[in-house]
Amino acid sequence: MNKDEAGGNWKQFKGKVKEQWGKLTDDDLTIVEGKREQLIGKIQERYGYQREAAEKEVKEWEGRNKYHW
């Protein structure tokens with residue numbers, strides 16, 4: 001998958017991300033733009049999670065939604 005494909009997929013999955021992590025703002029998601037590490041960081045910031053917990057949630061979300069970075 002190239003960068004353009006990943007970006008297109010991200011736009012499709014943004015709604016699902018907001019369903020899972022409703023505290024993330026549209027601005028947060030614009031900054032993240034499909035970058036896994038930045039998503040983990042924003043989840044940590046908004047929810048006060050430790051890195052391991054945020055990574056676990058993202059991994060579970062990826063599996064449920066068949067999203068690959």
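Which residue just after H4 takes a positive phi? Lysine 66 does, with a phi of about 50°.

This is a predicted model: local features need pLDDT of at least 70, side-chain atom pairs count only at pLDDT 80 or more, and totals for chains, interfaces and linings use all residues. Residues are numbered from 1 along each chain as its sequence is written, and side-chain values use heavy atoms, with hydrogens and water left out.

**Overall build**

The protein has 4 helices and 0 strands. Along the sequence the pattern reads α-α-α-α. Helices here are DSSP runs of H or I with at least four residues, strands are runs of E with at least two, and both are numbered from the N terminus. Buried residues make up 29% of the 69 residues. Buried means under 20% relative accessible area, exposed means over 50%, and partly exposed lies in between (1.4 Å probe, protein chains only). The protein exposes about 4600 Å², and carbon and sulfur atoms supply 46% of that area. Accessible areas come from the Shrake-Rupley method with a 1.4 Å probe; for residues, only the protein chains shown count as cover.

**Helix H4**

H4 has 15 residues and reaches 21 Å from its first C-alpha to its last, close to the 21 Å expected at 1.5 Å a residue. The expected span is 1.5 Å times one less than the number of residues. Ala54, Glu57, Val58, Trp61, Glu62 and Asn65 are buried in H4. Seen down the helix axis, these buried residues fall within an arc of 140°, so they line one face. The arc is that of the directions from the helix axis to the C-beta atoms. The face turned away from the buried side carries the exposed residues Glu52, Lys56, Lys59 and Gly63.

**Aromatic pairs**

The whole structure holds 5 aromatic pairs. Rings of Phe, Tyr and Trp (its six-membered ring) pair if their centres lie within 6.5 Å; planes under 30 degrees apart count as stacked, over 60 as edge-to-face and the rest as tilted. Phenylalanine 13 and tyrosine 67 form an edge-to-face pair, 4.8 Å centre to centre with 70° between the planes. That pair links distant parts of the chain, 54 residues apart: phenylalanine 13 is in helix H1, and tyrosine 67 is in the segment after helix H4. Tyrosine 67 counts as buried because its relative accessibility is 2%. Tryptophan 61 and tyrosine 67 form a tilted pair at 5.6 Å and 50°. Phe13, Trp21, Trp61 and Tyr67 form one aromatic cluster.

**Salt bridges**

Side chains of opposite charge can pair when their charged atoms come close. The structure holds 9 salt bridges. A salt bridge is a side-chain nitrogen of Lys or Arg within 4 Å of a carboxyl oxygen of Asp or Glu. Three of them are tabulated here.

| Glutamate 62 | Arginine 36 | 2.8 Å |

Arginine 51 and glutamate 55 both lie in H4, 4 residues apart, about one turn of the helix. Glutamate 37 lies in H3 and arginine 51 in H4, so their pair ties together parts that are 14 residues apart in sequence. Glutamate 62 is buried at 12% relative accessible area.

Lysine 42 sits in helix H3. Lysine 42 is buried, at 14% relative accessibility. Not counting residues up to four places away in sequence, lysine 42 touches Leu24, Asp28, Ile31 and Val32. Contact means heavy atoms within 4.5 Å.
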